[in-house]
Amino acid sequence: ELGTLAVAIDAAGEIRARRVSGIGAEVSGRLVEIFVDVGDVVAAGDPLFQIDPRPYEVTLAEARAGLVERAASDLARTRVVAPYAAAVVERRTHEGELAGPAPAVVLQESGALVAVLNIPEAATVPIPIGAPVRFTVEGIDAPLESRIDVVSRRVDAETRTYEVRAPVDDPSGRVKAGSYVNARIEIPSGGTPTPLIDRSSLVLRDGASHVFRLEGDTARRVAVRVG
């Protein structure tokens with residue numbers, strides 16, 4: 001029969017959060033309270049930690065006579081809040097330590113996971129945007145389905161692979177960042193339909209491919225080229 005075939009490419013990778021941010025302070029000072037710990041979930045604007053505001057309150061009081069706005073801004077920055085809805089995945093400091101630009105906590109964006117897959121440079125066909133992909137995640141029974149939405153233009157010099165990414169839709173909430181993932185990407189061949197046969201009908205003889213074609217009451221062997 002005439003038809004087209006899809007090319008299947010198997011790949012492995014991992015689940016990652018779409019955004020991971022190390023949150024430090026814009027002003028320096030001693031930490032007086034950390035409001036979150038590893039595993040907590042925060043919304044955008046929720047407080048993460050508090051730097052001792054007293055030195056900044058004194059500076060503001062001294063500056064008000066001359067209307068200096070910078071002092072008020074610095075005082076407001078002593079309380080650091082979450083920039084987006086996230087889960088706390090690291091806490092790198094404790095009360096009493098000095099805070100500064102170095103991250104005090106690390107946030108992972110909530111509900112925004114992607115599968116990052118490594119495609120061999122020598123793959124038979126390029127991966128197009130929108131290609132359907134089915135992947136299995138360690139510890140999750142049912143496979144997940146998605147579509148490729150990012151294709152890297154850079155090949156890693158050590159692994160000779162390039163990255164593609166697909167969003168992860170996981171209503172169960174069981175998929176975690178860092179999980180190992182196996183995937184199969186289906187790429188339609190497109191183009192003009194070509195003759196197709198079942199693989200079991202192909203016969204290999206003398207290093208060549210053959211099929212048997214029915215001619216009346218006779219099955220005649222015919223050489224074919226596959227691919």
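Side chains alternate along strand β13 (residues 144-147). Leu144 and Ser146 point to one face and are buried. Buried means under 20% relative accessible area, exposed means over 50%, and partly exposed lies in between (1.4 Å probe, protein chains only). Strands are DSSP runs of E with at least two residues, helices are runs of H or I with at least four, and both are numbered from the N terminus.

This is a predicted model, where local features need pLDDT of at least 70 and side-chain atom pairs count only at pLDDT 80 or more, while totals for chains, interfaces and linings use all residues. Residues are numbered from 1 along each chain as its sequence is written, and side-chain values use heavy atoms, with hydrogens and water left out.

The partner of β13 is strand β12 (residues 132-137). Four bridges join β12 and β13 in the antiparallel sense. Two strands pair if DSSP finds at least two bridges between them. Pro132 has Arg147 in β13 as its bridge partner. The hairpin of β12 and β13 has six residues between its strands. In this hairpin, Gly139 takes a positive phi near 90°.

## The four-stranded sheet

Four strands form an open, antiparallel sheet in the order β7-β6-β4-β9. β7 and β9 stand at the edges, each with a single partner strand, so one side of each has no neighbour in the sheet.

Strand β4 (residues 29-34) runs antiparallel to strand β6 (residues 47-51), and three bridges join them. In β6, Phe49 stands opposite Ile34, and Gln50 is the bridge partner of Glu33. β4 also runs antiparallel to strand β9 (residues 98-99), with two bridges between them. Here Gly29 has Ala99 in β9 as its bridge partner.

Which residues does Pro47 contact beyond its neighbours within four places in sequence? They are Phe35, Val36, Arg79, Val80 and Val81. Contact means heavy atoms within 4.5 Å. Pro47 lies in strand β6 and is partly exposed, at 28% relative accessibility. Pro47 and Val80 are 33 residues apart in sequence, yet their C-alpha atoms are 5.8 Å apart.

## Helices α1 and α2

Two packed helices are described by the angle and the distance between their axes. The axes of helix α1 (residues 54-64) and α2 come within 8 Å and cross at roughly 160°. Axes are lines fitted to C-alpha atoms, for helices over the stretch in contact, and angles run from 0 to 180 degrees between N-to-C directions. α1 and α2 are therefore roughly antiparallel to each other. That label needs an angle over 145 degrees; under 35 counts as roughly parallel, 65 to 115 as roughly perpendicular, and the rest as oblique.

α1 contributes Tyr56, Glu57, Thr59, Leu60 and Ala63 to the contact. α2 contributes Ala71, Ala72, Asp74 and Leu75.

## Loops beside the helices

Val68 lies in the loop between α1 and α2. Its relative accessible area is 43%, so Val68 is partly exposed. Val68 and Pro55 are 13 residues apart along the chain, and 16 Å separates their C-alpha atoms.

Thr78 sits in the loop between α2 (69-76) and β7 (79-81). Is Thr78 buried or exposed? At 3% relative accessibility, Thr78 counts as buried. A polar atom of the Thr78 side chain lies 2.7 Å from the backbone oxygen of Leu75. Not counting residues up to four places away in sequence, Thr78 touches Val27, Phe49, Gln50, Ile51, Asp52, Pro53 and Tyr56. Tyr56 is also one of the α1 residues in the contact with α2.

## The three-stranded sheet

A further open sheet holds three strands in the order β18-β19-β20, with antiparallel pairing. Its edge strands are β18 (203-205) and β20 (218-224), each pairing on one side only. Neighbouring strands of this sheet are turned by 45° against each other on average, direction ignored.

How many bridges pair β19 with β20? Strand β19 (residues 208-215) pairs with β20 over seven bridges, in the antiparallel sense. Arg213 stands opposite Arg220 in β20.

Notes:
A polar contact is a pair of N or O atoms within 3.5 Å; within protein, one must be able to donate a hydrogen and the other to accept it, and residues adjacent in sequence count only if both atoms are side-chain atoms.
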